[in-house]
Every structure is written in C-alpha cells, then in structure tokens.
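User: Got a model here that I'd like to talk through. Can you help me with the contacts?

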Amino acid sequence: MSDKSEQRRLSVFKTYKLYVGGKFPRSESGRVYEVTDSKGNWLANAPLSSRKDARDAVVAARKAFGGWSGATAYNRGQILYRVAEMLEGRREQYVREVADAEGLSRLKAGAQVDAAIDRWVWYAGWTDKIAQVVGGANPVAGPYFNLSSPEPTGVVAVLAPRESSFLGLVSVLAPVIATGNTAVVVAAEQAPLPALSLGEVLATSDLPGGVVNVLSGRTAEIAAPLAAHQDVNAIDLAGADEVLARELEIAAADNLKRVLRPQPVDDWTAAPGTDRMTAFLETKTVWHPTGSLGASGSSY
Amino acid sequence: MSRPAPARPAYAPPDTPGPPRSARDPLPSTTPSSTPPPRATSRPEGKTPTGVYSRYARRYARLVTMPTNASAAAHALTDVASSDSTLRRFLHGLPGVDAVGLEGRAASLGTRSIKTTAKAYAIDLAISMVDLTTLEGADTPGKVRALGAKAVAPDPTDPATPSAAAVCVYPDMVATAKAAVAGSAVKVASVATAFPAGRAPLSVKLADVREAVARGADEIDMVIDRGAFLAGHYMKVYDEITAVREASGAARLKVIFETGELSTYDNIRRASWLGMLAGADFIKTSTGKVAVNATPANTLLMLEAVRDFRAQTGVQVGVKPAGGIRTSKDAVKFLVLVNETAGGDWLDNHWFRFGASSLLNDLLMQRQKLATGRYSGPDYVTVD
C-alpha cells in the first residue's frame with residue numbers, strides 16, 4: 001500500500017529563476033529555454049534573459065556597490081566564508097547538478113565541487129590581505145608620504161566560462177567580489193543550473209542583495225548590452241569565444257571599460273594566483289606632505 | 001412573443017435611475033429639505049443618485065444635460081458653496097469610489113507597451129512636464145541656480161532636449177530661481193501657505209503667498225488644511241483656498257491635497273472637487289514629504305475629477321502628481337492615464353505636471369539610450 005502511494009508520488013520540479021538585486025525574478029521577457037544534460041536529456045527550463053534583465057541587474061549592482069565596497073575588508077571576508085559554509089551544506093545538490101551538466105561521474109563531480117568550495121574560502125581569505133600585497137608606501141624623492149592603495153573598479157560584468165559550470169564560475173566570480181566590486185554574472189549558456197543555484201546560496205549568506213546578480217540565457221544576447229552599457233566599469237570575457245570576445249571588446253571601448261580577455265585555462269583546479277583579483281582593482285595613490293622637514297628640527 | 005418596450009427614453013444613459021430629468025431637482029442648494037442622497041461606497045459609475053449628483057462622472061453628460069454655456073454652468077456650481085451645509089451635501093453626494101475598480105483600472109492602464117517613436121515622444125513630453133523640485137532645509141542659492149540651469153537645458157550634450165516646465169522652490173528662493181531661469185520659458189513655482197504642514201494662521205499663509213508672488217513666482221503651490229478637511233470643516237478649507245487664490249493674483253494656483261493623509265479615495269474625490277470649486281488652476285496630489293505620495297490610482301481619480309469638472313463647467317483644471325515618481329517607466333504610465341482618462345487636451349505642460357527631482361535624470365538616461373542604442377549611466381547626467 002505504502003509502496004504504491006510512493007510510486008504514484010509526482011516529483012516536484014524546480015523552477016530555476018534569475019537572481020537579481022537579492023530577489024529571484026523570472027526573466028522580464030517571460031522566456032525560458034530548455035537545459036539538457038550532456039546526453040541531451042531534459043533537466044529543467046532556465047530563464048532566457050533579455051537585455052532589460054541585464055539593465056535591471058546593472059542597476060541592482062550599482063546600487064549595491066557603495067555598501068559592498070565600503071564594507072571593511074574583514075567583514076567582506078566573513079561574509080564570503082559564510083557563503084562557503086552554505087555551499088558545503090548543499091554539496092550534494094551541486095554534485096548532482098555538476099555531474100548532469102558536465103557528464104562527470106559522481107566522484108569527479110564531487111571533486112569539482114570540493115575544489116570550488118575550497119577556492120571560495122581561499123578568496124575569502126584574500127579580502128583583507130590584497131591591499132598589503134598590491135598597495136603600500138612608495139619611496140619618493142621629496143618630503144612626502146606616498147601611499148598606494150587598491151580600490152575596486154565598480155560594477156563588473158562576468159561571462160562565466162563555458163567548460164566548467166561550477167568550479168569555473170566560482171573561480172571567476174569570487175575574485176571579483178572579494179575585492180569589493182559588484183558583479184553581473186552571465187551563466188554558462190549550456191549549463192546554467194549550478195550558477196542559478198549559487199544565487200540561492202548567496203541569498204542566504206548575509207551577502208547584500210545586488211552584490212552578485214546571476215543571469216541565464218544566450219551569452220551573446222546578454223553580453224552585448226552589458227559591454228556597451230555606460231554604467232558597467234569592467235567586463236570579464238572568460239565565457240566568450242574568439243569572435244564574440246572581439247565584438248564585445250570593441251563595444252566596451254566606448255566608455256573605456258576595463259576588459260579581461262579570455263585567459264586560456266587548461267586546468268581549473270590549478271592554483272589561480274592573484275591575477276583575477278588585480279585585474280579589477282584601481283590603484284589610488286596619495287601624496288601627503290610630511291611637514292616642514294628640517295625647519296623646525298622635527299624628525300618627520 | 002414580443003420583447004417588452006424599453007423602459008427609458010433612447011437618449012438617456014442605460015443605467016440612469018429615477019424619474020425623467022424634468023422632474024428632478026436641478027440643484028441641491030434649492031432643495032435643502034430633500035433627503036440626502038445615500039452614500040454609495042461601491043456603486044459603479046452611472047448608478048448615481050438623482051439631481052446634480054447623477055450628472056457627475058457620467059459619460060453621456062454632455063449629450064444629455066451638459067449646458068453648453070460655461071458661465072451658466074459655473075454659476076450653477078457656485079451655489080454649491082453658498083453655505084457649509086450645501087457644500088457638505090454636495091461633496092458627500094459625490095458617488096463613492098470603487099477602490100478595487102479604480103486600482104484595477106490604474107494597473108491595467110499601466111500595462112500598455114509604449115515603444116520606439118511613441119516612447120521618444122512620451123519621454124520628451126514628460127521632460128517638458130517636469131516641475132524640477134528642491135524643497136529641502138539645506139537648499140542653498142547655489143543649488144537653486146544649478147537646478148535652474150538644469151531646468152533650462154536638462155541635457156547640455158543634446159540641445160534638442162526640451163526644457164523642464166518649472167523649478168519649484170521655497171518662497172525665499174524664488175528670486176534666486178527667477179534669475180536662474182531668466183530669458184527662458186521655464187516658470188518658477190513656489191510652495192507657500194506654511195508648506196508642507198499648512199499649520200499656520202491664515203494671515204501668515206497669505207503673507208507667505210504674497211511674498212512669493214512679489215518675488216516673482218509664476219505659480220503658487222499651496223497646501224490645504226488637512227486637519228480642517230478631515231474634521232469636516234469643508235467651508236473653512238474652501239474659504240482658505242479662495243483667499244489664497246485672491247492673494248496669488250495672476251500666478252497660477254496649484255492646490256496640494258496631501259492624498260497620503262486623506263485616508264480614503266472618497267476623501268480624495270471630495271478634496272478634488274472642493275479645490276476645483278474654490279478656483280484651483282491645478283490640483284496636486286502631495287507634498288512629497290509623507291510616506292505615500294502620487295500613485296497611479298489617486299492620480300487616475302483626480303484625472304476623472306478634472307474631466308468631469310470640465311464636462312460640467314467648461315473650466316479646465318490641471319493635475320500634478322508629485323513625489324515618488326522616479327523612473328521613466330512610471331512617468332510614461334502616468335501619461336497613459338492622462339490620455340485615456342482626461343484626454344489629449346491634458347497632454348501639455350500647461351495642464352499636466354510631474355513634481356519630481358530624480359525623475360528627470362532617469363528620463364535623460366532613457367533619452368540617451370534611445371539616441372545611442374546603449375544604456376546610459378548616472379555618470380552621464382548632472383547630480384542634483
């Protein structure tokens with residue numbers, strides 16, 4: 001009896017939604033597209049974002065930028081650790097989604113997810129250390145203090161890599177927000193589900209709404225307005241192919257966006273270095289007079 | 001089997017109740033002893049009590065009863081305010097507002113899709129309707145001058161951008177604002193009458209108005225005494241508006257109801273009629289200083305009021321929603337409301353205004369988007 005009723009139970013399908021400004025809207029256009037696993041079996045319908053979704057995401061990211069970049073580096077680090085904790089709690093779900101998306105065995109997918117969580121922790125640790133590494137006091141020939149400090153670039157559009165749906169995504173997203181930028185992420189077109197699920201984790205990790213915004217859909221369609229957008233300060237082209245990257249780079253030149261060209265990555269599990277963080281930092285240098293050196297006999 | 005004969009004359013509106021028109025009392029003021037019309041809180045339009053009330057808001061009023069002589073009609077309505085009781089009876093005889101229907105109508109008109117050339121037209125029209133407002137304790141002459149310059153040339157990178165309608169400031173800043181917009185068509189509006197609370201003796205309010213006019217204000221934005229209105233002292237409110245009307249001389253008078261403080265839609269309808277009867281040139285939703293400001297629903301209600309007022313008296317009154325309108329999308333929705341409710345005659349900055357400050361920047365960004373094809377950002381418009 002109980003066996004029969006269990007067999008009859010209809011499974012509850014998940015409606016994947018965008019993550020914009022801390023909320024989970026459907027696409028403004030109302031469109032969806034079918035997401036399949038590596039063998040072509042249907043997995044879910046994902047929102048097919050339009051350029052207006054991209055615009056809304058930029059508005060949300062801009063609104064969040066003041067608070068996030070102004071938060072102390074220590075506080076940002078704590079929040080990113082919290083994200084890693086939440087990811088750990090939903091490990092099984094990510095293993096399943098990554099295995100489906102990339103056609104990996106459970107074991108290999110598990111290794112990918114573990115690497116992604118470890119990477120998130122690694123970047124969380126960097127939040128309050130990057131300033132010492134890339135900033136500091138500069139020796140100058142004059143009676144001045146000369147100090148350089150790195151500041152976040154602003155709103156960064158991120159095209160998630162196509163070949164690694166979760167580890168790749170974390171590897172390009174975490175460095176952007178660790179340094180105080182806010183991000184609009186375009187999920188990998190063929191495998192957007194891990195990215196959309198990441199939104200659910202971010203929403204429950206004390207990360208202020210709008211710091212990360214996740215869009216799914218046709219990369220070329222969403223990326224074009226983002227690259228031309230006057231209020232986007234930088235774009236990471238990791239998920240664009242050669243032709244698209246060139247087009248986007250031209251569009252991005254209009255307001256002198258910082259552009260990170262696609263970097264060939266053979267192995268996403270390899271240690272990433274600080275390059276992806278420093279790519280979206282601006283260096284501010286301050287000259288400050290040291291006082292009337294010598295005249296008063298003062299020692300500084 | 002024959003159909004029953006029609007119960008009403010063919011020319012009458014299908015849902016008009018009561019006896020033939022000639023048997024009805026023409027005006028409430030002439031029938032002080034008649035039973036007050038029943039309150040109609042959720043009655044659909046048209047099913048209204050008899051007398052002058054039934055003429056309110058009736059689509060066919062012009063065809064059936066509309067006196068073509070405007071002055072005669074205006075004269076007819078002046079009797080309404082001859083005493084406190086007639087005024088009360090008139091205002092309370094206005095049909096009640098169907099709140100669900102009103103909000104539904106406002107929401108459905110907000111779903112219109114306005115694109116391409118129509119959108120460009122709407123954005124330019126909306127820019128020309130903005131009353132660029134700064135009403136802060138921290139207003140400095142420099143800020144008012146900057147605002148004036150922005151009103152004259154909202155987008156310095158594109159001279160084809162229309163000017164805003166007016167700058168709206170406190171009375172002591174009128175002279176500064178006037179100098180800042182000199183030589184342009186931009187008007188200077190001044191709030192007065194102890195804005196925003198309106199809690200001051202009448203003599204002080206009138207002095208406030210006279211000062212603003214003397215300094216060169218083209219338009220006066222007054223607040224009504226909400227306390228008196230809510231207490232039911234309609235005549236006091238009426239007298240105050242007429243006194244301010246007189247004190248403002250040639251300046252156009254905008255009457256602010258502060259709809260967020262009036263509690264009900266019925267009150268907003270009553271306040272609208274009260275303001276128009278007392279001689280307002282504009283009726284304005286709110287001061288922008290309370291939690292609830294202009295909404296599509298309360299603006300729709302006021303647009304219906306000005307439409308019906310013109311149908312009855314021939315006098316056209318403007319509408320100004322103020323506060324809380326921040327995006328181009330919202331502004332375009334309001335323009336749809338205007339066109340679909342009051343009609344195309346109001347699609348002009350002489351008859352419709354937006355009281356706003358941040359709205360203009362969003363309109364300019366949308367305008368740049370239409371011109372260049374790429375989304376603009378707040379770095380490309382002036383910061384107020």
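Predicted model: local features only at pLDDT ≥ 70, side-chain atom pairs only at ≥ 80, totals over all residues.

User: How many residues of chain A are in contact with chain B?

Analyst: Ten residues of chain A are in contact, and they touch ten residues of chain B. The two chains bury about 980 Å² between them, with 46% of it on carbon and sulfur atoms.

User: And what's the salt bridge count between chain A and chain B?

Analyst: The count there is one. The side chains of B:Arg374 and A:Asp254 form it, at 2.2 Å from N to O.

User: OK, switching to helices. At what angle do H6(B) and H15(B) cross?

Analyst: Roughly 150°, with the axes of H6 (residues 116–128) and H15 (residues 358–372) of chain B coming within 10 Å. Angles over 145 degrees count as roughly antiparallel, so that is what H6(B) is to H15(B). The crossing of these helices is left-handed.

User: Which residues meet there, H6(B) against H15(B)?

Analyst: From H6(B), they include B:Ile123 and B:Ile127, and from H15(B) B:Leu363, B:Arg367 and B:Leu370 are among them. By class, that contact has eight nonpolar, one polar and three charged residues.

User: What about H5(B) and H13(B), how do their axes cross?

Analyst: At roughly 100°, coming within 9 Å, for H5 (residues 99–109) and H13 (residues 296–313) of chain B. H5(B) and H13(B) are therefore roughly perpendicular to each other.

User: Which residues of H5(B) meet H13(B)?

Analyst: B:Leu102, B:Glu103, B:Arg105 and B:Ala106 of H5(B), facing B:Pro296, B:Ala297, B:Leu300, B:Leu301 and B:Glu304 in H13(B). The residues of this contact split into six nonpolar, no polar and three charged.

Methods. Residues numbered from 1 in each chain as written. Chains lettered and ligands numbered in written order. Heavy atoms only, no water. Axes fitted to C-alpha atoms, helices over the stretch in contact; angles between N-to-C directions. Helix = DSSP H or I, 4+ residues; strand = E, 2+ residues; numbered from the N terminus. Parallel < 35°, antiparallel > 145°, perpendicular 65-115°, else oblique. Left-handed = near helix turned anticlockwise from the far one by under 90°. Contact = heavy atoms within 4.5 Å. Nonpolar A, V, L, I, M, F, W, Y, C, P; charged D, E, K, R; others polar. Buried area = accessible area lost by both parts, 1.4 Å probe. Salt bridge = Lys/Arg side-chain N within 4 Å of Asp/Glu carboxyl O.
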